[in-house]
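Here is a set of exercises to work through with the model open beside you. Try each task yourself before reading its solution.

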Amino acid sequence: MRKNMVAGNWKMNTTLPEGLALAKGLSEALKDRTPNCDVVIGVPFTHLASIVAAIDTRKIGVAAENAADHTAGAYTGEVSAEMIASTGATYVILGHSERRAYYHETPAILKTKVELALASRLTPIFCIGEVLAEREAGRHFEVVDAQIEASLFELSADDFRRIILAYEPVWAIGTGKTASPAQAQEIHAHIRRTVAAKYGAPVAEDTSILYGGSCNAGNAKELFSNPDVDGGLIGGASLGIDKFLPIIEAF
């Protein structure tokens, strides 16, 4: 079912003690509050089990920031979806633009990762989005459609309902630039129409689509007020409770 969500993506930040302090602080800040959205934090692999054990997971979900495209075996340094699930984490961020760009993750690799995540009962937060040249060329609709179709459209309708989409204009990540509320609404609505064309309107209406791209306390409320923007995937602003909490409160 479609839900509002604010998900933090810590990326390669915080030592384990720092991460534990941040997660515990957020858990404490939410102790006497009932947010009008689901709250998730995406943390480094090294932190997963410790943070799950240290916070109220009824208030805050925990995500890994990636998962392997294999179940087990001689893949030194990789972490499987099953391993992630065994820590108590319930989400995994897949397809982030940094993984696509720096580690050359292809649509086929991401398709396998999604399938393995679902098989391990993890909820994928699946990222899509265009780079600046594609936006300036007017290809942004084409790009996000291709990313969705190549990695997700072989899923059954029931499995697709378990996916959370995160639209991230790559040109806005960490740059301070942000898609305008009108731009965000336009492409989120387009994404929902693309899902509806494949799976039907009920599935599309149940799909949560988050915005990721320099979302902060100053612009979150206006972005989230759009009918097809169901929350945010938050990078740098998720590393401070004073910055992350106001985004949660934007709902």
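**Exercise 1: The largest pocket**

The largest share of the lining of the largest pocket comes from helix α4 (residues 97-102), which gives three residues. Before going on, note that this is a predicted model, in which local features need pLDDT of at least 70 and side-chain atom pairs count only at pLDDT 80 or more, while totals for chains, interfaces and linings use all residues. Residues are numbered from 1 along each chain as its sequence is written, and side-chain values use heavy atoms, with hydrogens and water left out.

Task: describe the lining of the largest pocket and its volume.

Solution. 
- Step 1, terms. On a 1 Å grid over the protein atoms alone, a pocket is an open set of points with protein on both sides within 12 Å along at least five of seven lines, and a cavity is a set of points where a 1.4 Å probe fits but cannot get out; lining residues have an atom within 4 Å of a point. Grid points are joined across faces, edges and corners, and a volume is the space filled by probe spheres set on the points. Helices (H or I, at least four residues) and strands (E, at least two) are DSSP runs, numbered from the N terminus.
- Step 2, volume. The largest pocket comes to about 520 Å³.
- Step 3, lining. Its lining has 20 residues, and Lys 11, Met 12, Glu 65, Asn 66 and Arg 99 lie nearest the centre.
- Step 4, classes. There are 10 nonpolar, five polar and five charged residues in this lining. Here Ala, Val, Leu, Ile, Met, Phe, Trp, Tyr, Cys and Pro count as nonpolar, Asp, Glu, Lys and Arg as charged, and the others, Gly among them, as polar.

**Exercise 2: The second largest pocket**

Task: find which residues lie nearest the centre of the second largest pocket.

Solution. 
- Step 1. The volume of this second largest pocket is about 260 Å³.
- Step 2. Of its 17 lining residues, Ile 173, Gly 174, Ser 214, Gly 235 and Gly 236 lie nearest the centre.
- Step 3. By class, the lining of the second largest pocket divides into five nonpolar, 10 polar and two charged residues.

**Exercise 3: His 96**

Task: is His 96 buried or exposed, and what is it in contact with?

Solution. 
- Step 1. Look for His 96 in the loop between β4 (91-94) and α4.
- Step 2. Its relative accessibility is 6%, so His 96 counts as buried (buried means under 20% relative accessible area, exposed over 50%, partly exposed in between, with a 1.4 Å probe and protein chains only).
- Step 3. Leaving aside neighbours within four places in sequence, His 96 is in contact (heavy atoms within 4.5 Å) with Asn 9, Lys 11, Cys 127, Glu 168, Ile 173 and Leu 233.

**Exercise 4: Strands and their partners**

Solution. 
- Step 1. Two strands pair if DSSP finds at least two bridges between them.
- Step 2. Strand β2 (residues 38-43) is largely enclosed by the rest of the structure because five of its six residues are buried.
- Step 3. On its other pairing, β6 runs parallel to strand β7 (residues 209-211) and is joined to it by three bridges; Ala 166 stands opposite Leu 210 of β7.
- Step 4. In strand β6 (residues 164-167), Ile 164 and Ala 166 point one way, Leu 165 and Tyr 167 the other way, and all are buried.

**Exercise 5: Core and cavity**

Task: which residues touch the most other members of the largest nonpolar core, and which residues line the largest cavity?

Solution. 
- Step 1. A nonpolar core is a set of buried Ala, Val, Leu, Ile, Met, Phe, Trp, Tyr and Cys residues joined through side-chain atoms within 4.5 Å.
- Step 2. The largest such core has 64 residues, of which Ile 41 and Leu 152 touch the most other members. Helix α9 (residues 181-199) gives the most to this core, five residues.
- Step 3. The largest cavity, of about 30 Å³, is lined by Trp 10, Leu 22, Leu 26, Ile 41, Ser 238, Gly 240, Ile 241 and Phe 244.
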